[in-house]
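Q: Could you walk me through this model with me asking as we go? I would like to start with backbone details and then move on to the sheet and the rings.

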Amino acid sequence: MKWLALLLVLSNAAVWWVANRETQPVDQVQGQLPRVASIKLGPEEADQYRCIRVGWFETKEEAKHLAERLGLVYFVEERERTLPPLNWVLIPPQPEQMALDHLGELRREGVEAWLVTQGEYRNAISLGLFESRSAAETVVAEKKRKNLDVVLAKFTRNRIGYALVFEVEPEAESLPVQAVEAESDKKFEINEPAPCKGIATSDKNP
């Protein structure tokens with residue numbers, strides 16, 4: 001009878017151990033947790049950066065050196081920029097020889113003047129370019145008092161400019177822009193979001 005009672009106790013213990021083992025979590029049985037690397041991030045969690053465009057720089061090298069001093073992930077964008085037109089004081093176009101003779105007379109009188117050699121106003125005589133319209137109008141009035149036939153025209157101008165496009169963290173995007181402005185000692189004409197297409201990745205040198 002004693003042997004029979006002992007066998008019953010051992011059988012019950014074995015059944016309890018097996019049942020209890022099967023209900024434990026897999027990670028607890030193995031003694032480890034899922035690895036961080038195995039957790040996949042959604043698109044909104046992976047996309048931690050955006051890009052900003054600032055400009056203008058006179059040369060590509062100026063923008064590049066600034067970005068490298070600040071350790072930015074960047075590329076330099078070359079763009080044609082249209083500048084505000086200047087106010088152009090002119091003696092209207094005339095036949096080339098007449099324009100040359102007239103130019104010689106003006107220079108002998110001490111007037112600063114240049115012959116326009118191409119474009120819409122070819123063979124006109126330039127008497128100056130002015131950012132201020134009021135300053136240009138003052139010169140026109142002065143020349144007319146000296147019986148010169150002068151007109152006021154718009155001088156359109158385009159220039160190649162260079163913009164710096166660099167990576168920023170969305171929650172602090174204004175801080176890198178402030179740093180770039182402080183380092184370059186200039187206030188940028190453009191400061192706008194930009195696509196990151198073409199930018200170097202964070203683990204590579206630009």
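Q: First up, is N123 buried or exposed?
A: N123 counts as buried, because its relative accessibility is 9% (buried means under 20% relative accessible area, exposed over 50% and partly exposed in between, with a 1.4 Å probe and protein chains only). As for the basis, this is a predicted model in which local features need pLDDT of at least 70 and side-chain atom pairs count only at pLDDT 80 or more, while totals for chains, interfaces and linings use all residues. Residues are numbered from 1 along each chain as its sequence is written, and side-chain values use heavy atoms, with hydrogens and water left out.

Q: What about the phi of N123, and where does the residue sit?
A: N123 is not a glycine, yet its phi is positive at about 70°, and its place is in the loop between β3 (114–115) and β4 (125–130). Helices (H or I, at least four residues) and strands (E, at least two) are DSSP runs, numbered from the N terminus.

Q: And N147, buried or exposed?
A: N147 counts as exposed, because its relative accessibility is 73%. Its phi is also positive, near 65°, and N147 is found in the loop between α6 (133–145) and β5 (151–168).

Q: Which peptide bond is cis?
A: The bond from G55 to W56 is cis, with omega near 25°, and W56 lies in strand β1 (residues 50–57).

Q: Switching to the sheet, what is the strand order?
A: The 6 strands form an open antiparallel sheet in the order β3-β4-β2-β5-β1-β6, where two strands pair if DSSP finds at least two bridges between them. β3 and β6 (190–194) stand at the edges with a single partner strand each, so one side of each has no neighbour in the sheet.

Q: How many bridges join β2 and β5?
A: Strand β2 (residues 74–91) and β5 pair in the antiparallel sense over 15 bridges, and L83 stands opposite R157 in β5.

Q: On to the rings, how many aromatic pairs are there?
A: The count comes to 3 aromatic pairs, where rings of Phe, Tyr and Trp (its six-membered ring) pair if their centres lie within 6.5 Å, and planes under 30 degrees apart count as stacked, over 60 as edge-to-face and the rest as tilted. The rings of W88 and Y121 are edge-to-face, because their planes are at 75°, with centres 5.6 Å apart.

Q: Which residues form the aromatic cluster?
A: W88, Y121 and F155 form one cluster.
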